[in-house]
Amino acid sequence: MDQPRHATPFGTLLRRWRLQRSASQLALSLDAGVSARHLSWLESGKATPSRAMVLRLAERLEVPLRERNALLGAAGYAPMFAERSFDDPALAPARAALQRLLTAHEPWPALAVDRHWNLIAHNRLVPLLTAGVPAELLQPPVNVLRLSLHPQGMAPRIANLAAWRAHVLARLRRQVASTGDAVLGSLLAELQALPAPADAEPLLAEAQLDFVVPLTIQGAGGTLNFITTITVFGAPHDVTLSEIAVETLLPADEATAAALRALLAAVPSP
């Protein structure tokens with residue numbers, strides 16, 4: 001059964017996503033195989049899209065699954081993509097696969113976060129890096145960006161804090177711009193208000209140009225130098241899974257690799 005239309009018209013949402021992707025009406029119409037006039041009518045509300053048209057335009061604009069459901073609802077159709085809590089029994093196979101992936105990265109630290117950067121899973125190396133952080137910052141849900149920049153969290157241990165802070169804020173700012181997510185916007189404001197190193201502002205402008213930003217942590221294993229990678233589920237059809245990201249801290253040098261192996265060797269087997 002068709003759903004009642006949302007407060008925000010479909011055309012308004014479509015135009016918003018098209019502008020966020022910096023696509024003209026002509027470019028999107030050619031990519032989606034529709035006339036520019038019809039696309040203009042869809043945006044103005046003069047025409048009503050079919051369900052297939054909503055999905056086609058959303059795919060061409062690379063709209064996330066959560067927002068594809070919103071587009072469908074605004075056009076009067078039922079959501080297509082399921083959304084479950086991460087602990088839903090139906091996601092048990094995905095949770096198991098995710099944990100196997102995290103464990104397979106050992107002895108390199110790896111963790112999984114949701115769309116708001118809240119920690120949902122990790123391997124055995126992550127607690128070794130956060131050991132000694134005040135318990136209140138480690139109470140679920142743990143926001144890993146807050147943890148990394150908070151003066152009582154990991155910030156005092158990050159040797160290149162100015163560069164790392166600039167990288168984190170630039171990445172989060174891009175997410176806020178592309179999604180319009182209010183929770184991410186509040187997180188960005190909160191992190192920007194945290195104490196910053198004296199040399200942070202010049203680096204903030206340069207962060208947009210960084211291809212790889214190292215992370216240097218001073219810890220029990222000595223000086224650890226990392227580069228980070230992000231992994232996502234391939235072709236998910238569940239909103240929750242589509243928004244999970246796995247961040248892996250890869251050793252940037254052999255000394256770090258050796259220190260991580262030694263740290264893991266001291267951890268009792270599960």
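Helices (H or I, at least four residues) and strands (E, at least two) are DSSP runs, numbered from the N terminus. Axes are lines fitted to C-alpha atoms, for helices over the stretch in contact, and angles run from 0 to 180 degrees between N-to-C directions.

This is a predicted model, in which local features need pLDDT of at least 70, side-chain atom pairs count only at pLDDT 80 or more, and totals for chains, interfaces and linings use all residues. Residues are numbered from 1 along each chain as its sequence is written, and side-chain values use heavy atoms, with hydrogens and water left out.

**Stop 1: confidence**

Colour the chain by pLDDT, the predictor's confidence in each residue, from 0 to 100. The chain average is 89, and 92% of the residues score at least 70. Now select residues 1–5, where the pLDDT is below 50. Beyond near neighbours in sequence, this stretch has 13 contacts in the model (contact means heavy atoms within 4.5 Å). Residues 204–209 also have a pLDDT below 50, with eight contacts beyond near neighbours in sequence.

**Stop 2: a helix pair**

Select α2 (residues 25–32) and α3 (residues 36–44). They pack at about 110°, with axes 9 Å apart. The two helices are therefore roughly perpendicular, a label for angles of 65 to 115 degrees; under 35 counts as roughly parallel, over 145 as roughly antiparallel, and the rest as oblique. Show side chains. Gln25, Leu28 and Ser29 of α2 meet Ala36, Leu39, Ser40 and Glu43 of α3. These contact residues divide into three nonpolar, three polar and one charged. Here Ala, Val, Leu, Ile, Met, Phe, Trp, Tyr, Cys and Pro count as nonpolar, Asp, Glu, Lys and Arg as charged, and the others, Gly among them, as polar.

**Stop 3: the sheet**

Move to the five-strand open sheet, ordered β2-β1-β5-β4-β3 with antiparallel pairing. Two strands pair if DSSP finds at least two bridges between them. Select β2 (119–122) and β3 (215–219) at the edges: each has a single partner strand, so one side of each lacks a neighbour in the sheet. Neighbouring strands are turned by 30° against each other on average, direction ignored.

Next, select β1 (residues 110–113) and β5 (residues 245–251), an antiparallel pair with four bridges. Pick Val113; its bridge partner in β5 is Ala245.

Then take β3 with β4 (residues 222–232), antiparallel and joined by five bridges. Leu215 has Phe226 of β4 as its bridge partner. A hairpin links β3 to β4 through two residues.

**Stop 4: across the sheet**

Finish on α6 (residues 92–104). This helix lies across β1, β2 and β5, at about 55° to β2.
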